[in-house]
Amino acid sequence: MAKKESDETVHYDGPSGGWGSLRGISRIFGKEWDSPAALETLRRQNKPGGFMCVSCAWAKPAKPHAFEFCENGAKATLWEQTSHRCTPDFFARHTVSELREWKDHDLEQQGRLTHPLRYDPDTDRYVETSWEDAFAAIGRELKAIDPKSAIFYASGRASLETSYLYALFARLYGHNNLPDSSNMCHETTSVGLKKVIGSPVGTCVLSDFDQCDAIFFFGQNTGSNSPRFLHPLQRAVERGCKIVTFNPVREKGLIEFVNPQDPAQMTVGKPTEISCQYHQVRPGGDIAAIMGMCKHVLARENRQWEEQRHHLLDVDFLKQHTKDFENFVQSVRTAGWEEIERESGLSRADLEAAADVYCDARAVIGIYGMGVTQHVHGSQTIGMLVNLLLMRGNIGREGAGISPVRGHSNVQGQRTVGISEKPELVPLDHLAEQFGFDPPRDKGMNTVEACEGILDGTVQAFVGLGGNFVRAIPEREKMERAWTGMRLTVQIATKLNRSHLINGKVAYLLPCLGRSEEDMQESGPQAVTMEDSLSCIHGSLGKRKPASEHLLSELAIVAGMAKATLPQNPKVRWDEWIGDYAKVRDLIEQTYPDRFSDFNARVFTPGGFYRGNKARDRIWSTESGKAEFTIPEKLNAVGAEDAVGRYRLITMRSNDQFNTTIYGNSDRMRGIEGTRDVLLMSPAEIAAAGLREGQVVSLVSDAEDGEHRQVDGLTVTPFDLPRGCVGAYYPEMNPLIPLWYHDQLSKTPAAKAVPVRILA
Ligand SMILES: Nc1nc2c(c(=O)[nH]1)N[C@H]1C(S)=C(S)[C@@H](COP(=O)(O)OP(=O)(O)OC[C@H]3O[C@@H](n4cnc5c(=O)[nH]c(N)nc54)[C@H](O)[C@@H]3O)O[C@H]1N2
Ligand SMILES: Nc1nc2c(c(=O)[nH]1)N[C@H]1C(S)=C(S)[C@@H](COP(=O)(O)OP(=O)(O)OC[C@H]3O[C@@H](n4cnc5c(=O)[nH]c(N)nc54)[C@H](O)[C@@H]3O)O[C@H]1N2
Ligand SMILES: [Mo]
């Protein structure tokens, strides 16, 4: 099954899922994985009354499997439940400067943080402190600065209750600087999809996957990043649904799948073929690919009308619900096949075959992920995908729609309850009345703007509710240097990471409970809630004994900081809210009565409760009140022109990581084992560049902005990729991404076609 290619890399040819995924878990966790306590916790994962996975945001069905988790969900949970502890003792032994030399994996491997810590600049060490002292000091610092110079970042995991209070804290204090990980992820969707259909989130629900006839996949790696989604896909294929994939990389999970929950398939082992067509589009070439498909759809419409006097297009829908269709048709006619083939890297015949699947399907779903959103013109690709779907009325009916697959388990929900730098997305008048204050109305900073502010010295304080900001953002070297210029940095976390080692002058590291752990407060054990990718809200109840008796819940930490910072306000009752999270859900319901009516009664609805989406009902909250056709400015989504020696770098996630959390060095489904320091290139490109397999090279930025950016020590590794592009891992490659290289509309960093050169 595995054939040895070189000393460091092994190619794995098995399907995704199957026995490999079980071995993947036990290899990392060994004995911990087998313990009754771990199994008991996993059994409760993603179940009504249980706790919601800390890994991805994929939907949790109403009728779950006995074990409703995947390889990566299990890894994420077990990683949180490790028996290792990162105590004050550990910090007494290691200075922060020393720890800065450690690898990401080794930092997190130290285990769960156990005590609140203060950075002591004299000894360059973290030292134990008390919660009271930490809150008091943070309050003092925040009171001393202009609120508009503070950033409150959130990394997509914290519950709706915590997120709501975090955003409220920011606004009571006086700013809208609430970037979250979404700014590096699906902000392109929040802005780009909103622009064209009026909804910042997808329109599909789980049952649509039981009714669609075709699914088009653009740049989303289901097998690694949302593996539970493979189950509905497998069912869809088995009932005859066609899946067509566009991805420069032949990702295993989209090729074939063995269901580890299915004993028959596990023993007989015949995998389900997932994609009936797999198109290795050039990075950023999706606009051209979809343009080619649209050309063929129009050609077939003409033919069908001529021959049968019967439309292929949904002309009633187009007339009643859309704007600018005629202009769009004009632009499709003008686009030439030669340019389409060049920009997409795909042949006309292939694109026509893909378009035939589209035309022959009654109901079609469009799926996409970071391969679409992380481009300079990513929002135009989203517009183009919407164009394709609108042509046959594939938005706003059963079995059809657009479905961006979200990342972090509550990233979508955080936006729903007010974590947003865009004040127009938040019911500020409501908040003003509810809490008797005057909320700030000016636009806050998103991730890129926060980075700019840190670079130019206008940002003085950074609070991180989870995440690993310094590691996740572009332009790492410059950002790390500027970071220490801040007055205050506070990180709320479960495990040690690099962001905790680059500190402001005053710095605190505050350890919190994990989601699977019991959260005991005055009124008893507390449940929290999150929203999945398909807009369903789920309750989550942790039962495990906390990793340390000194941990606080994220909600209590946010409230503790807020209390120490803000003046008394009779309508703002932090202690009461810490004591009973149901009261916070009441507040959320008051602020968002439509989405959250009867919130407390519905927390444990099996499968979650759907918060609704107007676009699904064909009510378009766009500027024109219609679904809008858009014409792309160019046929590729890339921000740099092609040039001799310039490659488009795709920054990739392995199967053995969750963002900046690196579990190990096995990218099983891509067959890369033992190291992450690789440069993936097609054998033809390796030869054309005069390189050889196994050679160690550097990558340098080719963004033509005069900045030198470089990453060394990458081993040239043959890999099936289209021409003109190379692949390497995120976050290791982030020093190569210029801060200004981002989606034009949303400022999402363009991590999927970074212009680079190879230095041999
Ligand atoms: N195991 C695991 N699960 C995760 C995560 C993790 O790191 N590990 N991260 C979580 C988070 S926060 C997120 S946002 C999601 C991310 O999940 P995805 O959206 O799947 O993100 P990526 O893996 O970064 O890239 C997706 C795919 O895009 C392809 N691609 C690259 N460029 C292009 C292009 O120009 N066009 C097309 N069509 N495809 C392209 C890549 O080959 C890759 O297969 O996963 C979540 N789940
Ligand atoms: N080049 C490149 N850059 C990228 C991407 C890419 O594809 N390519 N992807 C982007 C995307 S999609 C995203 S979402 C961002 C991710 O950016 P972040 O969300 O900031 O990063 P994570 O790696 O998910 O954060 C991991 C840390 O979260 C903390 N943590 C874990 N669980 C909890 C918890 O329950 N509570 C708290 N408080 N802390 C916890 C741990 O300390 C852990 O070290 O990166 C972005 N950056
Ligand atoms: Mo993400």
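Predicted model: local features only at pLDDT ≥ 70, side-chain atom pairs only at ≥ 80, totals over all residues.

Guide: Residues are numbered from 1 along each chain as its sequence is written, chains are lettered from A and ligands numbered from 1 in the order in which they are written, and side-chain values use heavy atoms, with hydrogens and water left out.

Visitor: What volume does the largest pocket have?
Guide: On a 1 Å grid over the protein atoms alone, a pocket is an open set of points with protein on both sides within 12 Å along at least five of seven lines, whereas a cavity is a set where a 1.4 Å probe fits but cannot get out. Grid points are joined across faces, edges and corners, and a volume is the space filled by probe spheres set on the points. For the largest pocket this volume is about 890 Å³.

Visitor: Which residues lining the largest pocket are the closest to its centre?
Guide: A lining residue has an atom within 4 Å of a point, and the largest pocket has 30 of them. At least three come from each of domain 2 (85-185 + 410-606) and domain 3 (195-405), the domain bounds being taken from an automatic or database domain assignment. The closest to the centre are P200, T416, L425, R595 and R611.

Visitor: Between which domains does the second largest pocket lie?
Guide: The second largest pocket, with a volume of about 570 Å³, is lined by 23 residues, and W102, K103, D104, R471 and E732 lie nearest its centre. Because both domains give residues to this lining, the pocket lies between domain 2 (85-185 + 410-606) and domain 4 (647-759).

Visitor: How many charged residues does the lining of the second largest pocket have?
Guide: Asp, Glu, Lys and Arg count as charged, Ala, Val, Leu, Ile, Met, Phe, Trp, Tyr, Cys and Pro as nonpolar, and the others, Gly among them, as polar. In the lining of the second largest pocket, six residues are nonpolar and three are polar, while the charged ones number 14.

Visitor: Where does the second largest cavity lie?
Guide: This cavity has a volume of about 60 Å³, and of its 15 lining residues P48, M52, H538, T605 and G607 lie nearest its centre. Since both domains give residues to its lining, it lies between domain 1 (16-80) and domain 2 (85-185 + 410-606).

Visitor: Which residue has a polar side-chain atom 2.6 Å from an oxygen atom of ligand 1?
Guide: Ligand 1 is surrounded by 30 residues, each with a heavy atom within 4 Å of it. Polar contacts are pairs of N or O atoms within 3.5 Å, and a polar backbone atom of M370 lies 2.8 Å from an oxygen atom of the ligand. The residue whose polar side-chain atom lies 2.6 Å from a ligand oxygen atom is E251.

Notes
Polar contact = N/O pair within 3.5 Å; in protein donor to acceptor, adjacent residues only side chain to side chain.
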